[in-house]
Amino acid sequence: LDLVRDAAEVGCKLMVLPERFFQPLDAAARDLTAALSQSAEVAKELEAMAREKGIHVACSLVTEDGGPRHTTVLWGPDGEIGRGHQVHLTDTDKAWAKAGEAFVALDTALGRIGLMTGYDSLFSESANVLGALGCDIVVHPASWRLDWEVDYAMPERAAESHMSVISANRMDSAVRRGSLITTACDSRPIGAGDLNPIWPVEAPRARETLLRAQVDPSLSRRTDLLGMDVLKDRAPGLYGALTR
């Protein structure tokens, strides 16, 4: 919470916190009632801070939304903007959580923001759907499980879906890597093999810190690649194998 206050003081407009940063990842499986209560307290604190500082804040919580869920919530200066539930569940999650039924994109003063929760990031379809929904930015409360998530998966999610991805990682994640902000940018020319120019910035691994980057939502709306439009030229009628 102090880091969020510090971020607001130095002019940050959007903050993302790690996957259920305030409790162990198995807390809900061990004591769902306590996890819900603790989540409610955190939500109250973050909403009040967003209102007070005039900022946007996202984090994941345990919520009771038609069944217990792992939920990413986004707050803004006027309170809660929206929430989205984790769609793909780990074995630990399945012990207590109900899966979400949709990916969520929210219109805000900062641009169109998509919500991606925890384990959802390992599935490329999560980012593909959020990209198709027109997201400029995706907020991602995370707990890294594999090294390639940081090195390859998240940069690829940002590049192929033409959006900036903000991943905030837990300090006790299985893979000891830092939080990652992968921004769409136009500082490098598009060349053969590039899907979209991106710029990944990783936080130091060994300590809690505030990672800052400048995001330009308008750059996420670039869909051109060497004179082609890689979004418009898709052929979704042939993608049925993904849903069968």
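This is a predicted model: local features need pLDDT of at least 70, side-chain atom pairs count only at pLDDT 80 or more; totals for chains, interfaces and linings use all residues.

Colleague: Helices, then. At what angle do α1 and α3 pack?

Modeller: Helix α1, residues 2-9, packs against helix α3, residues 32-53, at about 15 degrees. Their axes are 11 Å apart.

Colleague: Is that roughly parallel or roughly antiparallel?

Modeller: Angles under 35 degrees count as roughly parallel, so α1 and α3 are roughly parallel to each other.

Colleague: And is the crossing of α1 and α3 left-handed or right-handed?

Modeller: The α1 and α3 crossing is right-handed.

Colleague: Which residues make the contact?

Modeller: On α1 you have V4, R5, A8 and E9. On α3 the partners are E45, M49 and K53.

Colleague: How many of those are nonpolar, polar or charged?

Modeller: The contact of α1 with α3 has three nonpolar and four charged residues, with no polar ones.

Colleague: New topic, cysteines. How many disulfides are there?

Modeller: The count is zero disulfides.

Colleague: What about C59, how far away is the nearest cysteine sulfur?

Modeller: For C59 the nearest cysteine sulfur belongs to C12 and is 17 Å away. A disulfide needs the two sulfur atoms within 2.5 Å, so C59 is in no disulfide.

Colleague: Is C59 buried or exposed?

Modeller: C59 is buried, at 0% relative accessible area.

Colleague: OK, backbone now. What is the phi of R20?

Modeller: R20 has a positive phi of about 40 degrees, although R20 is not a glycine.

Colleague: Where is R20 found?

Modeller: R20 sits in the loop between β1 (14-16) and α2 (27-30).

Colleague: An arginine in a loop, then. Buried or exposed?

Modeller: R20 counts as buried, with a relative accessibility of 1%.

Colleague: Let's go to H162. What is the phi there?

Modeller: Phi of H162 is near 55 degrees, which is again a positive value in a residue other than glycine.

Colleague: Where does H162 lie, and is H162 buried or exposed?

Modeller: H162 is in the loop between α6 (147-160) and β8 (164-169). With 1% relative accessibility, H162 counts as buried.

Methods
Residues are numbered from 1 along each chain as its sequence is written. Side-chain values use heavy atoms; hydrogens and water are left out. Axes are lines fitted to C-alpha atoms, for helices over the stretch in contact, and angles run from 0 to 180 degrees between N-to-C directions. Helices (H or I, at least four residues) and strands (E, at least two) are DSSP runs, numbered from the N terminus. Angles under 35 degrees count as roughly parallel, over 145 as roughly antiparallel, 65 to 115 as roughly perpendicular and the rest as oblique. A crossing is left-handed if the near helix is turned anticlockwise from the far one by less than a right angle, and right-handed if clockwise. Contact means heavy atoms within 4.5 Å. Ala, Val, Leu, Ile, Met, Phe, Trp, Tyr, Cys and Pro count as nonpolar, Asp, Glu, Lys and Arg as charged, and the others, Gly among them, as polar. Buried means under 20% relative accessible area, exposed over 50%, partly exposed in between (1.4 Å probe, protein chains only).
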